[in-house]
Every structure is written in C-alpha cells, then in structure tokens.
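Student: I have a model open and want to go through how its chains meet. Can you take me through it?

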Amino acid sequence: MFRNMYDTDVTVWSPEGRLLQVEYAMESVKQGSACIALRSDTHSVIGALKRSVSELSSHQQKILEIDDHLGIGIAGLTADARTLAKWMRNECLNHKYVYGTALPSGRLVNDLADRHQRTTQTYVRRPYGVGLLVASFDKNGPHVYQTCPSGNVYECYASAIGARSQSGRTYLEKHYESFPGCDRDELIMHALKALVGCVSGDGELTSENGSVAVVGKNEKFTLIEGEALQPYLDRLELESGNNGGENVEEEQGGDAMET
Amino acid sequence: MFRNMYDTDVTVWSPEGRLLQVEYAMESVKQGSACIALRSDTHSVIGALKRSVSELSSHQQKILEIDDHLGIGIAGLTADARTLAKWMRNECLNHKYVYGTALPSGRLVNDLADRHQRTTQTYVRRPYGVGLLVASFDKNGPHVYQTCPSGNVYECYASAIGARSQSGRTYLEKHYESFPGCDRDELIMHALKALVGCVSGDGELTSENGSVAVVGKNEKFTLIEGEALQPYLDRLELESGNNGGENVEEEQGGDAMET
Amino acid sequence: MFRNMYDTDVTVWSPEGRLLQVEYAMESVKQGSACIALRSDTHSVIGALKRSVSELSSHQQKILEIDDHLGIGIAGLTADARTLAKWMRNECLNHKYVYGTALPSGRLVNDLADRHQRTTQTYVRRPYGVGLLVASFDKNGPHVYQTCPSGNVYECYASAIGARSQSGRTYLEKHYESFPGCDRDELIMHALKALVGCVSGDGELTSENGSVAVVGKNEKFTLIEGEALQPYLDRLELESGNNGGENVEEEQGGDAMET
Amino acid sequence: MFRNMYDTDVTVWSPEGRLLQVEYAMESVKQGSACIALRSDTHSVIGALKRSVSELSSHQQKILEIDDHLGIGIAGLTADARTLAKWMRNECLNHKYVYGTALPSGRLVNDLADRHQRTTQTYVRRPYGVGLLVASFDKNGPHVYQTCPSGNVYECYASAIGARSQSGRTYLEKHYESFPGCDRDELIMHALKALVGCVSGDGELTSENGSVAVVGKNEKFTLIEGEALQPYLDRLELESGNNGGENVEEEQGGDAMET
Amino acid sequence: MFRNMYDTDVTVWSPEGRLLQVEYAMESVKQGSACIALRSDTHSVIGALKRSVSELSSHQQKILEIDDHLGIGIAGLTADARTLAKWMRNECLNHKYVYGTALPSGRLVNDLADRHQRTTQTYVRRPYGVGLLVASFDKNGPHVYQTCPSGNVYECYASAIGARSQSGRTYLEKHYESFPGCDRDELIMHALKALVGCVSGDGELTSENGSVAVVGKNEKFTLIEGEALQPYLDRLELESGNNGGENVEEEQGGDAMET
Amino acid sequence: MFRNMYDTDVTVWSPEGRLLQVEYAMESVKQGSACIALRSDTHSVIGALKRSVSELSSHQQKILEIDDHLGIGIAGLTADARTLAKWMRNECLNHKYVYGTALPSGRLVNDLADRHQRTTQTYVRRPYGVGLLVASFDKNGPHVYQTCPSGNVYECYASAIGARSQSGRTYLEKHYESFPGCDRDELIMHALKALVGCVSGDGELTSENGSVAVVGKNEKFTLIEGEALQPYLDRLELESGNNGGENVEEEQGGDAMET
Amino acid sequence: MFRNMYDTDVTVWSPEGRLLQVEYAMESVKQGSACIALRSDTHSVIGALKRSVSELSSHQQKILEIDDHLGIGIAGLTADARTLAKWMRNECLNHKYVYGTALPSGRLVNDLADRHQRTTQTYVRRPYGVGLLVASFDKNGPHVYQTCPSGNVYECYASAIGARSQSGRTYLEKHYESFPGCDRDELIMHALKALVGCVSGDGELTSENGSVAVVGKNEKFTLIEGEALQPYLDRLELESGNNGGENVEEEQGGDAMET
C-alpha cells in the first residue's frame, strides 16, 4: 500500500531509489506482440508477429522502414512507436541532406535513447510505452539494438521483446553462437524459428501474422510479408516439427493499443 | 479500488503498463450512434445512424465531407469531431494550394493519428473522445481507415464503430469477401444492410435517421440523405425481411454530447 | 462515491467515457429562466422570461442583439453570456469591415461552438455555464440554433431551454409543423404561448417579465418589451384561457447568478 | 460533506451546476458594512456606514470618487475595492483623454463586470470579494448600478448591500416609487433614512460613521461627510423618531478586512 | 476540521466569505516585537522595541529610513519588511528624480497596499508577513499610516502593532486627544511611555532595546538610538513610576524570524 | 497532526502565522558541522570544522574565499552553499569591474538576504538549506554577518552556527567583550578555542579537521589550514587543558549532504 | 507514516531539515554495479564491473571517455549518466574551441555539481539518479572526483560507489597510502584487486564483466577491456588467492535500469 505513494509521478523517487512510473511503462512493452532481431556478419534481420483487431482490418504493421539501411520492430503502444519512427526518419533525412551519407545507426540510437530519457525526468510528459528493436547495416557492418522506455539502449547479438518473447529468447540464446556465419536465408530461418515459440498457444505462424525484414551488405532494408514469406514458412514446416510447442507462461494482453 | 489510483491522469501508467484514461476515452466512442464504412475495388461508402435531440431539431450530421475525395463518419463527442474535421479540411486545402493535388488519404490519416497521440502524452489536454471512419478515393484507389482516441489507426476492408455496432460488424464479416467486386449501388445496399442491425430495438432505419456517403472512381464525395436515400431504403425493404433483428446487447447511451 | 473521483476536472474521463464536469456545466443552463426560439419561412423569433433580483432593480436582459441580422436568448450564467455576446459582436463587426456583408449565422455559430469545445479540453478554464438560442435571418433565410456548454450546436425548427422549459418544448412540438407558414405576428404569438407554460406556478406572463425579439425578411433584429409587448399580451389573453397551466416538475432556482 | 468536494476551486462545477467558490466570495459582500444607493430624475445618491478599526484611526473611506460624474460605494474587502477603483479611474481618464468626453457609466460598468467574470473562469486568480454600488450622472441622466463578485451587474432604481442591508432595502422598496420626483436634498434624506436601519443594534447614525455622496444635473460628484453631513442628520432627527429600530437578523462581522 | 479545507490556499474562499490564509498572515504581525507611531500637528514619531537573537549580535533594526521625509516601523517577518523597504526607497528615488519633489506619503502608502493586495489574489506568492507603521511629514503635514498583510491601509492619529501592543494602544487611546498640540520632545516622551507597557513582563525599556525616530516641520527623518536616546529615558524615569506594569495577555513569540 | 497541514508548502501560513517550511530549512543548518566567526577592531576571523565522508576523500572545504576582502564559512547543504558562493563572487567581480572598488560587505549581504527571501515567498523553489557566516574587512572596518534560510541577516560581534555550536557560542559570549582589542593571532586563538567545544565527544581539533581564515587591515582574505594551522594548534594545547569538554546535547547528523 | 508526508517532492523540507527525495535518489547509486577510482602521482585509474541484461547483449559500457584527459565511471541510471556525459563532452569541446586548451577538471566537476544542485531545488525535474567517479590528468596532475545526486562533489585519493562497493572501499582504505608512488600498471592492479571484492558472491572478475581505464602523464584516456584486460587478470590470479571473498551484505539489485 505504501509503495503506491511513489508510483504516480515520473519525477518521484521511491525510498529504494526506483522510478516506478518508468518501470510501469516498461510493462507495456511486455504486452505488445512479440518481436525478435538477430544479426550475422553480413546481415541484420527482424521478425515480428502481427496482430489484427478484427477480420475486417489488415494486420497492424509491426516492422517499419526508417531508411535504406535501417528499420525497426516494435512492441508496445503503436501510436508511440509511430511518433518515434517519424522522428527517426526525419533525423536520417536531415543527415543525408547535410552530409550526403547515411546516419550511423549508433548515433541515431543514442539520440533516440536521450529522447526517452527526457520523458523520465520531467513531469510534463509520460515515458513512451514502447520498446524498439533496431536492425541496421552501416559502414561498421550489421547492428541490432534494443531500446527501453527507461532510456536504456543495448547493442545485442540478438534480442526478443513483447508477449511470450521468453520462448524466442530461449531459442536465440541456444543458437546465437552460430549466427555470425549464417547467410541471409539461414538468418531469416533462425528468425522464424525463434518467432514460432512466441505465437500464442492455439495459433500458428502464417504468412498473415508473421513478417520479416532484412538489411545487409548488398541489400537495402526489405520487408518480407505475405506471399513473399510463404516459401520460408514452407521450408520451416519441412525443417521443423521438432521446434514448436515451447509455450511460456506469459499472457497475451490482446489490447487494441499495443501491437 | 487500487486500480483507481492510476486512472485520473493521462500521463500516469498503471502498474500493468496501461493508460487507463486513454481506455476511458475509447469508451465514449462506444456511446455514439453507429457508423459503418466499407469499400469495393472502385468505391468507398460510409453509412451512419443520425440521432436527434428532439423532434424540434434536425438530426445531427454524422457524415462530414472533408474534401472532394475524402469524408468521415463519426462516433463519440460531436464537438471533438467538428474540431478535428476543421483541422482536416485545412490540411487538405493547404496541400491542394501548395502541390495542386489532393492530399493522399494515408498521409492525412497518419497526421491525424499523431494529433491523437499527442493528447495521450501530455497532461495539458485530454484525449479526444471520438472515433472516425475515413472513406476516400485517391490515386491509390479506395480506402477505409478507422482512428481511435489512443492514436491508433487501422486500414480496413470494412469497419463499424459506435453503439450496437457489433451487429453491423457481424454483417460485414459475413459478407466482406464479396465487397471488392460490388458496384456503387450494391456497396451502398451492403452499407444499409449492416446499418439496419445497429438501429436500437424498437426503431427502424428511415430516410431521416439514416445517411450514406459515397466516393469513388468518377464520383466526388457525395452525401445521400433524406429523399435521395429513400429509393435505397425501398429496395432494402424489398430485398430483406430476412436481415433485421440481429439486436446486440450493447446499450444506446442517448446522451446529447455524443452522436 | 466512486463516480465522484472523475468529476472535478474537465480533462478527466470517467470509466464510462463521460466528461462529468461538462455535464455539470450543462446543469447550470437548466437553472436559468426559460428561453424559447422558433422560425417561420420568413422570420425568426426569440421569447424569454426575465427575472428580477428585487423590486428595486430592473429585470435582467435575457435577449441580446448581436448584429442587425442576429440576436441571442440566454439561459444560465449571465456573466458568461455577456462575455460570449461581446465576442460575437466583434466577430460580426470584423466580418462586416473586411467583407462588407453580414457574417452568415451558420459560420458564427460554428466558431462559437469551437470556442465552447476548447474549454472542455483544457484544465486552464472551466466550461461556460450558459446555453444560447441564436435567431437570425441571413442570405439563407431564417435560422434558429441552440448551443450547449459541451460545444454541441443544433439547428432547430424551434427550441426551448432553461427552467420549466419542458412545458414550452411540449407546446412547440405540438405546433411546430404549422410555423413555416406563419406571418411575423402569428410567430410572436406562438412564442408567447410557449412561454406562458414556463412561468413558475403562481406567476404570470406580463409586459415586465416577458420579452420577445424578431428578425426577418425586411426587419432588422428588433426587441419587443414593456409597452410594445402589451398588445401581444392582450391578444394572448383573448385567444387563450385554454393554453396555460401546463406546469412541469422542474424547479426554478432563483439564484442571482443565472437569468 | 460531498458538497465540499466542489467548493475549493473556482473552475469546478458542482453536480447541480453551481460555482460554489463564486458563491462564497459573494458572502464576503454581506460582511462589509452597509452601503445604499438611489436615484431621482436628476440626481444619484450613495449613502454608507463607515467602520473604524479603533479610536485611533480615522473611519475607513466607504465612498470613492472615480470621476466628476461617477463614484462608488463599497461593501466587502477594501483592498479589492481600492484595486478596482484604481482601474476605473484609469478607464475614465483614458476615455477623457482620447474622446474628450466622460466615459458613459453603462460602458464602464460592463467592462468592470467582464473583469469580474474573468476571475471566475480561471484558476489563477480568486474572484474579487467586494460588491459595488455605482452612482453616476451622464448624458443619459442619473444611474445606479450594482455589481457582484460573480460578474453580474444590475441597473437599479435603488439598492442596498452589506451587513444589515435588508433593513435599508425594505425602506427603499417601500418608498422607491416616490424617488423620481425628489430634489437633491430629499433624495439625500431618503438615503440617510434607509441607512439608519442598517446601523447595528446599539449604535446610531452620526456625522462620524455616516457618509453620503451626490452627483447630478449641475453637480459634480460631491462627498458629504463630517460637519457637512450634520445639518442633514439634524433634520433626520427632527423628521424621524419613527423610522429607526428595524433591526434585522444579520450579524455585523467587524472584521478588519471588510468595510 | 472542515474549516481547514479552505485555509491552505490564498485564492480559496471559505464558505463564510473569508480568506483564511490572509488572516493567518496577519497573525505573524502579532508575533513581532511592538512598534508604535503617533503624530502632533508638526511631527510624526515612531517608537519600537528591538529584539536581539543573542548577546553576540547587535539588536535588529526595527525602524528604517525610507527617505528624508518618511520612515517605517515594522512588526513581523524582517526579511519581508526589508524587501518592501527596498521597493519603497526606489519609489521615492524615482519620484524625486522625475518630479524633483518628495513622493507624497499617501500615494506611496496606497501603492504599497496594492502591492500587498496582489499577493492575496494569486496562488503564486504568499501574502507578506509584516505590518508597517509609516510616519512622514510632507506638504500636507505629518502623517501616520498602518498597513496590513491583507492590503488594507489606515490613516491614524496614532497606532500600535506587534506583541503586547495592546498595552501601548491603551495608552495611546487615553492620551491621543492631547497629541496635536505637543512639541517634538513631548511627542517622543508619549512614544516612550506607550512603549514601556509593551516590554515583556520582566524586561525594561533601555537605550539598547528601545529606539525612536522623528520627522517634522524642520527636521528630516532622524533615528534616536543608544546614547542619544538615554536623556529621554532618564526623563521617562523621572516622570513615570506610575505608567508601567500594564502587562497584557499576549505571548511574546521570541522566534528568530520576526522582529 | 493538524500542524502538518501547513508545513509542506513554503507559501502556506500556519494558523499561528508561521512559515513551517522555512523553519524546517533552518533545521538543516543545525546539522552541518560547526562554524564560528568573530572580529576585533582590525580583523575578522572564521573558524570551521571540516567533515570527511571517508578516509579516502579530502575533508570538505567549509570556508570559501569570495573576494580579497571577504569570505564565508558555511553550515548546512554544501551544494546550496557552493551555488550561493558562485553568485557572490560574480557580484564582487561585477562591482569591481564597474566601480573599480571592492563591493561593501553590507550591501552584498543585504542582496544575499533578499535572494534568500525570494525563495520563501514562491512555490517554485525551496528555501536554501544553508547558513553563512560572512567575515569581511572593507572601508568601514571589519564585519561579521550571519545569514539564515529565512532571509534574515544579523551583524554580529561574533557568532557560531551548526552542530554542537552551542558550546562555541557559550565561549564567545563569555569572552566577546575582550575581542575588539585583540591582535590578529589572539583573535585566531579565540576562534580555535571556541571551535574546540564544537568537536564531537570523542574527537579532537586537528590540523586536518580544523580550518581558520582571517581578513584584516593589511591582510587579504587568507585561509590557514593543515601545516599552517599546526603552530596555532600547538599554542592551543599549551594554553588550554582547561577549555575543552563542554559537550552539548546536539547530535551530529554526519549526513553526507551537510558539511 | 508521518515521515512520508515530506518525501514525495524535492522542494519540501522534512521537519528535521532533510530533503528526502534527494536521499532516495542517492539510493539508486547504490543499486548500480560497482565502480572504483584511484590515483598515483602520475596516473588516474577507473575500474568498473559491467552488467549484461542477457547473454544476447554485450555488457553495458560503465566507463565513458569524455575527453583526452578525462573520463567517468558510473553507478546508477545509465540513461541519466549518458545525458550527463553528453553535456560534459560539449563543455570540453567548447573550452578547447574557445581557449585552445583542455578544460581543467576541477572546473568541469564544479559546473557538473551545480547542474545536479539545480535539480534539487525546483519541482520541475527530478534529481539525477547516478553517481560519477571522474578521473583526469590535467595541468595540476591527476585527479579523482566523486559526484552525488545531491550536488555534492568530493576530491578523493580513491573512491568506490555502487552495489557491494563497501568491499572495494575497504581495500582502498587499507592501501591508499601506497598509491602515490605506484606506476601505471601497479595502479591498474590495485584497481582490479579492489574490484574483485565487489563481484557478487558466486561470480568472478573476467575480461567480460571487468573494465579499466587509465589516464596519465604521457597517456591519453585509454579504455582497457576484453583481451587487453586479460594480461592484468592473469597477473591478478597469480598474485592473489588471498584477496577475494570479502563479500559484503549489500544486495545486488540487478535491475535493468541501473548499471
């Protein structure tokens, strides 16, 4: 009960030195549908599960292109993610306009994290309710970053966020040491295999709810969805039979605000 | 009881990572009278039920023209919708003035969603209490979008919002696969049939409380009301006899603030 | 008890999706003395009951001229109404100065409604506590509009607001189909007959507490009060004898702040 | 108990549609010492009871000259009244400087009321805690106005405000029909007779605690106090003997902040 | 208990029409050490008791020169008084610079009162916690004014404020009718006699804790302290023997913040 | 319990006319380590006890030079003191730049006190949590001032603030009458003797935790610490043996934020 | 329970003169992983433990280069530290650009402390939740500073902050007297030995979770990590065997927001 006294204002410290509102915002990431990212020595790949509010609407876009060399996968509030994506696109455009080259992904991700941090230190705005996985290929090679509502940012070999992402993370941890040598399609297959475990109990990964994106050495950021995704799914069915079923205890909070 | 501690300020996260004030605002959409939208390969159609505060006043306008190629149907607070419509009209005018062409509907709808999102991240304003169905025909063909107070936006084949809209949604889900090939008048008939189920128990769809709008390949956004609507209603009576009566459990909150 | 948690701030949604402070402001309209408006094909007429705080002061003005072609009747807080009237007069003057013509009433009324809406979406100001009946005659003919603290606006054939207005509304609903063909004086007589029912139980409509205004095809906005009103009251006494006494259950809240 | 939830903020409506903070501010007027005003066809007169905080200080001024043609009597917080008087003097000076004529009292009083209204619609300032009786003689003849903290303003034949003012009001209501024909001195005598009833139980009206001001056809605003008031008081003693003693139940709240 | 709901914000009215925060600020004046002022036909005199926080510090200055013709005695928060004195000195300097003459004390005191009033009508600042006695000699002769945290100002024959000031006030009330004819030194003796009663029970008036200031016809504002005060104290001892000991029930709140 | 209702906002008066937040801020001064100051006819001296957060860090500076002629000793929050010292240095520099002479210490101290006062009258900032002892030698000779969070300032013969300062104050009160005739080194010895009593029970005054500063007729502000202090400590040991041990009941709060 | 009344706003003093929100912010430093710093006569060294959120991400950077001559080690919220580092880099760049020389570390650290202090005196922002150890080598030789959320800054011989830092501090206190004469590599070995004790019970110091940085006489700020660190760790294993195991009672909060 007392704990609640410190958890309604983002600028108030709890006696234990925690910012509870920031921690609550991080909960919203766990309610978005799963998103995973991984990289080899030559490519970065994002995989995501799309939700649909009803049969009548198309599935919500979960992977957004930012620039030729960079895209994001999201888990949490879609509206917040769209706002951030808009800002990122502008940053990339401005850099290209001024310097003639692509904005290095490390720099973009750091500025993004500062943008998050500012919302955690003033009472005027709330922290963003969305986590991003950033996949890029720039002059320093392929990168995967994970950002949090707290303003933290991690460079990763691979990562998984969102509902039921624990299953995907387990897959990635088991295989990540083999990723560096993978070629493009092998990496995509790993992404799909990690994603399979994140589908809720009675569902399955289809060309409708799944989506993958790849960026790499000689390939601009490319979204693979629908029919283009089917061949990979077919191959997945062939290969696996032994990979599914790792259902995890997390609940899927099918709320329309998260994706 | 504890839950209530996080639900009076839009910038406060609940411990489960939810923004309860945004969810409450979405409730106001459910209290407006029903509104449906659908599209074929050539046309987009909006249908809406109009409420009247008394016999003495005309029915409240539920479908608003924004530009030649785009209009909206609304459910929720009329005053909020009017404010948004005003802004949308300005955006269309500015684009036409600067570029000489119609503003693509996808872009308008994205900017609109960002406008919603901003009200959910600052304590200065409340989230808008209105949901919109946007129907348009631009260079990419016909579109139907649904927007929410949360700042989410969905592109749809068809959609229904507002009081008793579940019945209309059920109709749309049953028939949406046949919409693409419909011609203009068939699409209007589908709109009316979906709308019939949304009328409250003892009422019926008339040329007074019903209204339809169409936009399409060679047709500017056109409102069909009153006498112009009668022929379609006559045809509806002929065809149906078997379509009504799907009353749903939602209550109609005849509050003067919503439409 | 819980309901009260959401009703002290205009920017807070209740869990049912309502803005309770806006609804409370609408209560203040019900406490002002009654005001009615109606229109024929050629004229618009406002009728209102004036209250007097004591024998020593003149009755409070309830009908205000805005421009030659437009006036308002008010119910609710007089001070709020006076502020709005001042703003409306300025709008009319500016339009006349810039364009050389009278400001169309529909446009003025829409801007007025937006002005109301803004007070419902920010915590800086409270919603206005007054309802207006706008009567005008412009290039599109005669109009009657009703505005609410919520920012809603309705175009009407006729309308009645304020304390005991239910009785007047009943009269108007019974006869409004005959209004279009009425000439100026018949319309005024209808206004007075509707007003009679709104007088509190033991009072009666006199040249002191009643007031009427008319605007029409060849007539600027004209206030008819005191001696000028007497002939109509005499005619009313002749005609009626059968129209009074429809007292309704609403209480008259003789508070000095409302009119 | 519940009522109290709505009465600490001027921008919060109570569920009954009332602004309780504004009503509380109006209470402060009732705690100031009494002030009355009345007019004939040629003159306006203010009468007031002055309080003294101690023997050592002079009595507090209750009637303030604003301009040659206009003055005010006050009941409530003196400091608030002084601030308003300063503003009124500036308005009069500016008008005289720009137009060369005296500012019409109706216009000044309307602007003053708007100034009051603004304090009732924003949370930044509190409503003024003072009521004014304005007496003037301008090109439209003599006027008496009463203003309230709510922003309401009434034109009156006569009026009485402040502690024990009910007694004075009763006198005024009994005789106001004879005021129009009164000459200057008769009107002053009526003012004093109305004032006599407002003196607290064991006190009496003297040249020290009474004060009168007159403005009229050929007379600039003139304050009559001390020795100049004595002849009128002598005449009052002669005439009356039968007029006093109408003590009313209101308590005199001899608080140093009110006058 | 309920009363407390209205007493923590200066912009909130209590249901009885009082501003409790302003009344609380007036309590702080009662906790400062006593200060008295009085005037004859030719001179104004201030007398004050100085407190010392410890043996090691000099006594706190209680009488401050503002200009050649004007000075103040203070009771309440010293820091607030110093801020106000600074502002008053600037006003006097500016007036002298612009007009070449001394600022009339009535005008200065009115502006000072408005400065106080403003702090009572906005929530941004608190009311000042200090009362001033202003003694001056200008073209209209000698003046004594008393100001309050409420923004009230009184012109007085004489006045006493601060802890135990009731005793001094009693002395002044007994003798004030003889003050007008007093010469300079007689007036100073009256000041000291009034001050003697304000010394706390076991103390006595000395050249260390007492201070007097005089301003008059041919005398600039002059502070009389320490050795210069001794002759008057000697004379006091000679004359009196019968004047002391009128201890009053007020407690001396020897708090370091007040003087 | 009720008392607590008025003690969380610096702009709120308690019913007794006190500003409790200001009083709380003054408590923080009592928690800093002791600081004393005294003056002769030719010199001003500051003595202070330095705390060290651990063996690893140097002792915290407690005496700060502001200008050649002026320095401060602090007790309370170090971070607040540093901010104030920065401001004081700027004031001195500006004065020297504009007028070519040293800023008189009385003027600087008054401006500093006003700076404190402002934080006690607005809710935007908290009162500073630090007390200063200012020692200076300017054209008016040597000065010692004490400032408080309340905005009060006292000129003193000598003063002691901070934890266990009562003991030092007792010493100063016993000997202050002999200070005026002291030469530089005698005054420093008095400072050290006063400081000895302020050391916590089991500690002792060393060249590490003690520090002294002197400013005087022909001597710029000079800090005497470490080895330079040792000779004085040696002399102290010789002279005393009878001066220590006056431990007082105050607790040393050894908190890292105070010094 | 009462204590809680003063601990939710950084501008509110507790009755004991404490700022509890600032103290809570200092708790967050204790939850970051350990960081230590020390200096010889020629070099400054930082050592830190890096945490990793999962196997998939690289370890979080704990030591940040600011300029050639200066770097920081952090404990607490990473996002806050990154914001401060960005500001420090700018300060250094600006100084170099304007003056052509490196910014003296003492000046940078003082400005940084003022930046912290400001967040403790206004309600707009929260105090930063991070402690820094600054290591530099400038024209005054090597320096180590420690900063706190309170705005305090200490110059140290050595220091240790963060979770389990007590163990490292104990090591430093035991050996700090031998540091001045150490050469570069000896100093690094001391850093590693101090760090060993801060590793949580069942972990050990590896080239993955450990990191060291050095700056000195002829050496720019250099980070030693991974393979470059291994030789030192090997030497550590050789030398020690007797140094580990000093586990302290502090809990490691392994929260993703701290590092």
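Tutor: Chain G and chain A bury about 3100 Å² between them, and carbon and sulfur atoms carry 53% of that. This is a predicted model, where local features need pLDDT of at least 70, side-chain atom pairs count only at pLDDT 80 or more, and totals for chains, interfaces and linings use all residues. Residues are numbered from 1 along each chain as its sequence is written, chains are lettered from A and ligands numbered from 1 in the order written, and side-chain values use heavy atoms, leaving out hydrogens and water.

Student: How many residues of chain G are in contact with chain A?

Tutor: 36 residues of chain G contact 39 residues of chain A. Contact means heavy atoms within 4.5 Å.

Student: And how many salt bridges are there between chain G and chain A?

Tutor: Three. A salt bridge is a side-chain nitrogen of Lys or Arg within 4 Å of a carboxyl oxygen of Asp or Glu. One of them pairs A:Asp114 with G:Lys86, with the closest N and O atoms 2.7 Å apart.

Student: Which elements of chain G give two or more residues to that side?

Tutor: Helix H1 (20-31) and helix H2 (78-99) of chain G. Helices (H or I, at least four residues) and strands (E, at least two) are DSSP runs, numbered from the N terminus. The side of chain G that touches chain A has 13 nonpolar, 13 polar and 10 charged residues. Here Ala, Val, Leu, Ile, Met, Phe, Trp, Tyr, Cys and Pro are nonpolar, Asp, Glu, Lys and Arg are charged, and the others, Gly among them, are polar.

Student: What about polar contacts between chain G and chain A?

Tutor: There are 15 residue pairs in polar contact, both at pLDDT 80 or more. A polar contact is a pair of N or O atoms within 3.5 Å; within protein, one must be able to donate a hydrogen and the other to accept it, and residues adjacent in sequence count only if both atoms are side-chain atoms.

Student: Why do the copies, chain G and chain A, meet through different surfaces?

Tutor: Only 3% of the interface residues of chain G are also interface residues in chain A, so the surfaces differ.

Student: OK, chain B and chain C. What area is buried there?

Tutor: About 3100 Å², 52% of it from carbon and sulfur atoms. There, 36 residues of chain B are in contact with 39 of chain C. The interface has three salt bridges. C:Asp114 and B:Lys86 form a salt bridge at 2.7 Å, N to O.

Student: How far apart are chain A and chain C?

Tutor: They do not touch, and their nearest C-alpha atoms are 14 Å apart. Chain C and chain E have no contact either, with closest C-alpha atoms 14 Å apart.

Student: Switching topic: how many salt bridges over all chains?

Tutor: 91. Within chain B, B:Lys220 and B:Asp68 form a salt bridge, the closest N and O atoms being 3.3 Å apart. B:Lys220 is in strand E10 (residues 219-224), while B:Asp68 is in the loop between strand E3 (63-67) and strand E4 (70-76), 152 residues apart.

Terms used. Buried area is the accessible area (1.4 Å probe) that two parts lose on being put together, summed over both.
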